[in-house]
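User: Could you take me through the side-chain pairings in this model? I would like to go one topic at a time.

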Amino acid sequence: MSHAKPARSYFALSPEEKAALVQFQIADPLSATSRCLAACSKGVKAWEEEVIRFSKERMDENAETFDTLSTLKSPLDLAAMQREWFHTASRAYIDEASQLMKVTTETIQSLWSPVAAGK
């Protein structure tokens with residue numbers, strides 16, 4: 001699992017970075033706005049695609065689990081299946097949260113990259 005560098009708030013920027021940001025915004029506000037909107041749109045699309053993919057995957061796995069209920073022979077089998085389902089689902093949701101944080105971090109980095117490059 002990769003850990004992306006967290007995004008920094010405006011208040012955590014160095015004076016030089018703040019000056020570059022202000023200069024970036026003043027120099028070409030329409031272009032800056034356009035680039036920000038494009039990066040946000042791309043990020044929202046990536047988030048949406050990931051949520052759809054994950055939701056479909058979970059629905060398919062839940063349907064398979066539901067189908068196996070009729071094959072269980074005892075309450076102990078049910079408890080074992082429930083324990084396995086909970087473990088698998090928990091791991092899937094944790095992994096999905098990490099994936100969504102990665103998408104968010106990439107979006108934020110793409111928003112700041114033109115500022116960092118002084119464009």
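**Side-chain pairings**

User: To begin, what is the relative accessible area of Arg53?
Analyst: Arg53 has a relative accessible area of 38%, which makes it partly exposed. On this scale, buried means under 20% relative accessible area, exposed means over 50%, and partly exposed lies in between (1.4 Å probe, protein chains only). Please note that this is a predicted model, in which local features need pLDDT of at least 70 and side-chain atom pairs count only at pLDDT 80 or more, while totals for chains, interfaces and linings use all residues. Residues are numbered from 1 along each chain as its sequence is written, and side-chain values use heavy atoms, with hydrogens and water left out.

User: Which residue meets Glu57 in a salt bridge?
Analyst: Glu57 meets Arg53, with 2.9 Å from N to O. A salt bridge here is a side-chain nitrogen of Lys or Arg within 4 Å of a carboxyl oxygen of Asp or Glu. The two residues are four apart in helix H2 (residues 29-68), so about one helical turn separates them. Helices (H or I, at least four residues) and strands (E, at least two) are DSSP runs, numbered from the N terminus. Glu57 is partly exposed, at 33% relative accessibility.

User: And how far apart are the closest N and O atoms of Arg53 and Glu96?
Analyst: They are 3.2 Å apart, and the two residues form a salt bridge. This pair links distant parts of the chain, 43 residues apart: Arg53 lies in helix H2 and Glu96 in helix H3 (residues 75-116). Glu96 is buried, at 5% relative accessible area.

User: Which residues make up the network of salt bridges?
Analyst: The network links Glu50, Arg53, Glu57 and Glu96. Glu50 is located in helix H2 and is buried, with a relative accessible area of 11%. Apart from neighbours within four places in sequence, Glu50 is in contact (heavy atoms within 4.5 Å) with Glu96, Gln99 and Leu100.

User: How many salt bridges does the structure hold?
Analyst: It holds seven salt bridges. One of them joins Asp95 and Arg91, at 3.0 Å from N to O. Both residues lie in helix H3, four residues apart, which is about one turn of the helix. Asp95 is partly exposed at 35% relative accessibility, and Arg91 is partly exposed at 42%.

User: New topic: how many aromatic pairs does a search find?
Analyst: A search of the whole structure finds one aromatic pair. Phe54 and Tyr93 form it in an edge-to-face arrangement, with 5.0 Å from centre to centre and 80° between the planes. Rings of Phe, Tyr and Trp (its six-membered ring) pair if their centres lie within 6.5 Å; planes under 30 degrees apart are stacked, those over 60 are edge-to-face, and the rest are tilted.

User: Finally, what does the count of disulfides come to?
Analyst: The count is zero, where a disulfide is a pair of cysteine sulfur atoms within 2.5 Å. The cysteine sulfur closest to that of Cys36 belongs to Cys40, and at 6.3 Å it is too far for a bond. Cys36 is partly exposed at 30% relative accessibility, and Cys40 is partly exposed at 34%.
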